[in-house]
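Trainee: I would like to go through this model with you. I want to know what stands behind each label.

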Amino acid sequence: MRGLLRFIYKYRAFELFILLLVISIWLLVRNNRYYNVSYLSTSNAIVANANQKIFNTEKYFSLSEVNEMLAIENALLREQLTNYLYSSGYSKFGINDSLLDRYEIIPAMVERNSTAKKNNLILLDKGSNHGIERGMGVIGPNGVVGQVKFVSKNFSTAVSLLHTDVRVSSMLTRDNTIGTTQWEGGDISLAKLKYVPRHVPLAEGDTVVTSGYNSVFPKGITIGYVKNINVNINESFYDIDVELATSFHKVSMTYIVKDRLQTEIDSLITISEE
Amino acid sequence: MTQKTVFTYLISIFIYIVLQTALLNKMVISNIAFCFFYVGFLIYLPFNISRIALLILGFLVGLVIDIFGDTISIHMIACTTLMFVKPFWQQATLGDMGELTGFISMKGVSIIRLMVYTIPLLLLHHSIVFFLDSIGAGFQLDIILRVMLSAIFTFFVLVIIQLFSTKTTKRI
């Protein structure tokens with residue numbers, strides 16, 4: 001034992017040298033992506049394989065972070081898209097003003113959701129602290145979700161499209177016919193499209209989008225697809241079943257649409273109605 | 001080592017590192033000759049410093065240079081190796097000069113012997129730096145050219161500094 005200690009003590013400088021070298025090489029390999037790659041390729045297949053497995057496992061721990069990042073990025077893209085869609089209608093008139101930057105999109109996660117009731121509500125994790133106000137539209141990755149009804153500091157409640165009081169001003173993409181979408185209870189994947197006159201040509205599978213006539217939703221957000229067309233001889237309107245684009249039982253990520261010009265529009269409407 | 005000498009070391013290491021990172025990292029001749037003049041501090045460290053202290057000093061100086069130059073570990077490895085080799089090489093070229101204290105300089109050593117002592121150490125350090133720097137880019141012949149020219153360049157700068165900083169020129 002004493003001999004061993006003496007040996008270690010005698011070559012202490014060399015041992016320290018090796019130690020420092022190992023530390024620096026470790027830093028080199030750890031911090032430099034390029035060296036990391038070549039280190040992996042020089043290692044044998046087992047080590048490389050194990051590293052890959054560890055890396056794959058580590059990926060799961062950062063998933064929520066990645067999700068959040070993607071949501072923010074999606075919101076940005078969506079904002080650009082809505083503003084683009086909105087502005088493309090104006091571009092032929094050569095108008096270029098604040099209208100082109102009309103909508104702001106805020107990502108929000110669904111905290112609680114119900115589909116079983118007659119009037120369903122969705123709890124979202126963004127509130128007045130994040131700039132949410134009453135009346136803003138809520139859209140999902142696939143289409144319309146609902147409208148914000150109550151706002152607290154950090155949360156907000158939205159009435160989902162599955163609420164019998166909610167009516168969404170809709171439009172058929174085929175020929176821009178205006179109608180109103182309303183859910184009447186029952187099947188959570190079906191809603192009614194009302195007030196589409198009988199003379200309008202229609203086919204199953206036609207896309208129903210928001211009209212943009214009220215300032216809740218931007219124009220052109222998908223609501224659903226025409227599923228059944230029933231004609232009642234006594235009525236002047238079609239009876240249309242719309243298959244909703246959003247699957248409400250598994251909605252988790254939403255975007256809240258803020259219309260920057262809403263107050264202006266509202267005040268104008270109030271004045272003209274007086 | 002008295003407190004005063006430790007203080008001088010700290011001051012000089014600070015000056016070397018500041019000059020290197022602020023000024024000489026940008027002084028490159030036609031992208032071939034680099035000047036790693038901070039190595040002079042390590043190479044000319046006094047005789048009577050223990051090997052452990054030498055290694056730790058080399059490691060730390062390399063670390064600081066790496067952090068500032070954003071070349072993680074390259075200078076650390078080069079400096080630690082340099083500090084490991086230094087005592088042996090010093091023994092081989094300069095012999096036992098136990099009566100001398102302070103930094104090795106032209107005050108105590110003739111310029112030829114200083115050159116014989118310095119250039120191989122510079123070559124060693126520069127080879128490690130350039131080799132590690134070029135891993136992955138494939139081995140290129142101009143690394144050798146770089147090592148050579150950089151060593152000469154650095155040595156010139158070191159000699160110029162010595163000429164400015166040492167007053168007497170008594171040689172053995």
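Trainee: Why does A:Asn176 count as partly exposed?

Mentor: Set the value against the cut-offs. Buried means under 20% relative accessible area, exposed over 50%, and partly exposed in between, with a 1.4 Å probe and protein chains only. A:Asn176 has 47% relative accessibility, so it counts as partly exposed. Before we go on, two ground rules. This is a predicted model, where local features need pLDDT of at least 70 and side-chain atom pairs count only at pLDDT 80 or more, while totals for chains, interfaces and linings use all residues. Residues are numbered from 1 along each chain as its sequence is written, chains are lettered from A and ligands numbered from 1 in the order in which they are written, and side-chain values use heavy atoms, leaving out hydrogens and water.

Trainee: What is the phi of A:Asn176?

Mentor: Phi is positive, about 60 degrees, although A:Asn176 is not a glycine. Most residues other than glycine have a negative phi. A:Asn176 sits in the loop between strand E6 (167-172) and strand E7 (178-182) of chain A. Helices (H or I, at least four residues) and strands (E, at least two) are DSSP runs, numbered from the N terminus. A:Tyr195 also has a positive phi, near 65 degrees. A:Tyr195 lies in the loop between strand E8 (190-194) and E9 of chain A.

Trainee: Why is A:Ser211 called buried?

Mentor: A:Ser211 has 1% relative accessibility, so it counts as buried. Its place is the loop between strand E9 (207-210) and strand E10 (222-230) of chain A.

Trainee: What makes the pairing of A:Ser211 with A:Ser169 a polar contact?

Mentor: The distance between the two side chains is 2.5 Å. A polar contact is a pair of N or O atoms within 3.5 Å; within protein, one must be able to donate a hydrogen and the other to accept it, and residues adjacent in sequence count only if both atoms are side-chain atoms. The pair A:Ser211 and A:Ser169 is listed as such a contact. A polar atom of the A:Ser211 side chain also lies 3.1 Å from the backbone nitrogen of A:Tyr213.

Trainee: How do you know that A:Glu104 and A:Arg260 form a salt bridge?

Mentor: Their closest N and O atoms are 3.6 Å apart. A salt bridge needs a side-chain nitrogen of Lys or Arg within 4 Å of a carboxyl oxygen of Asp or Glu. The pair A:Glu104 and A:Arg260 counts as one. A:Glu104 lies in strand E1 (residues 103-113) and A:Arg260 in the loop between E12 and helix H6 (262-273) of chain A, so the pair ties together parts 156 residues apart in sequence.

Trainee: Is A:Asp206 buried or exposed?

Mentor: A:Asp206 is at 10% relative accessibility, so it counts as buried. Its salt-bridge partner is A:Arg174, with the closest N and O atoms 2.7 Å apart. A:Arg174 is partly exposed, because its relative accessible area is 44%.

Trainee: What joins A:Lys192, A:Asp239 and A:Asp241 into one network?

Mentor: Start with one pair. A:Asp241 forms a salt bridge with A:Lys192, the closest N and O atoms being 2.7 Å apart. Both A:Asp241 and A:Lys192 are buried. Salt bridges that share partners then join A:Lys192, A:Asp239 and A:Asp241 into one network.

Trainee: How do you know that chain B and chain A touch?

Mentor: Contact means heavy atoms within 4.5 Å. By that rule, 17 residues of chain B are in contact with 15 residues of chain A. The area buried between them is about 1,500 Å², and carbon and sulfur atoms give 83% of that. Buried area is the accessible area (1.4 Å probe) that two parts lose on being put together, summed over both. One residue pair between the chains is in polar contact, both at pLDDT 80 or more. On the chain B side, H4(B) gives the largest share, six residues.
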